[in-house]
Amino acid sequence: MITQIAFLQESATAAAAKGENPYGLIAALEQGGVIAWSVFLILVGMSIFSFYILFTKLFEQQKIINQGRKMRQGFWNMTNLREGAGKLEKNSAYRQIVDDAITAQDQHGKLTDPVEAHDWMHGSINRSQGLINSKLGSGLAFLATVGATAPFIGLFGTVIGIYRALIKIGLAGQASIDAVAGPVGEALIMTALGLAVAVPAVLAFNWLQRRNKAIAEDLSAFSNDVLGYMMSGGSVKPANLRPATAPAAAKPAVGTAKPAATTGGVPPKA
């Protein structure tokens, strides 16, 4: 082992003479061996998948947000629900809710056991909305797992690096900087990598969760409007699409003189 330490010191001196950094990332991984490379590759893989989930989920969310904008522009200007469904994009979240509502309405008349139409329709629309929310939430568990475990994976590499440094100190009989700089540098690098992977994953998880919540609220409001429309035979529509009510009759201005009372058609005496 003493021979190995001497070899590492000579290698560091030679690398410094060539202008290379003997304590960089690659040098630390090479000194750490299989364990250091395994920890490094695991963290890199977790980071790549985290960013992949982030960008794919942002694309899905933005797609549904755009579908909601188009729905609000012309969906409710319809004579019946089937006509309104034709105005929505195929395979969109809002089209799925409307199609499932129409299917549930057609199936209600075929039930042999009497069920309230409102309960049947409400359950069918909620089930459709739940499937959409479940699809939006897929992959977020991985982000939460990365945010919770990446620091500990990096900490494992840190512990191994410190352990190797202590072994070198014990074999050398003194705490030489040349002997422990490599393992300690490896330990610090693993700690930094663990944090660099965990922090973006946590931020992405919270951001996507907040956007999913906003989309779920919009879908819930739309589902409620569709249910009200179907249960009222088309009479109930969203409040912002209702026709303006006729203005109330104007009240007499304050202070206007009242007409004089008459008695038998003859004005009263002064």
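This note comments on salt bridges in the structure shown above.

1. The model under discussion is predicted. The structure holds 5 salt bridges, and the points below take up particular pairs among them, including the one between K57 and E60.

2. K57 forms a salt bridge with E60, and their closest N and O atoms lie 3.2 Å apart. Both residues belong to helix α2, which spans residues 25-74. They stand 3 residues apart, about one turn of the helix. As to accessibility, K57 is buried, having a relative accessible area of 5%.

3. D218 is paired with R72 in a salt bridge whose closest N and O atoms are 3.0 Å apart. This pair links distant parts of the chain, for D218 is in helix α7 (residues 177-231) and R72 is in helix α2, 146 residues apart. D218 counts as partly exposed at 25% relative accessibility. R72 is also partly exposed, with a relative accessible area of 44%.

4. D99 and R95 form a salt bridge, the closest N and O atoms being 3.2 Å apart. Because the two residues are 4 residues apart in helix α4 (residues 93-108), about one helical turn separates them. D99 is partly exposed, with a relative accessible area of 30%. R95 has a relative accessible area of 18%, and it therefore counts as buried, the limit being under 20%.

5. By contrast, K57 and E60 both lie in helix α2, and D99 and R95 are both in helix α4.

Methods. Residues are numbered from 1 along each chain as its sequence is written. This is a predicted model: local features need pLDDT of at least 70, side-chain atom pairs count only at pLDDT 80 or more; totals for chains, interfaces and linings use all residues. Side-chain values use heavy atoms; hydrogens and water are left out. A salt bridge is a side-chain nitrogen of Lys or Arg within 4 Å of a carboxyl oxygen of Asp or Glu. Buried means under 20% relative accessible area, exposed over 50%, partly exposed in between (1.4 Å probe, protein chains only).
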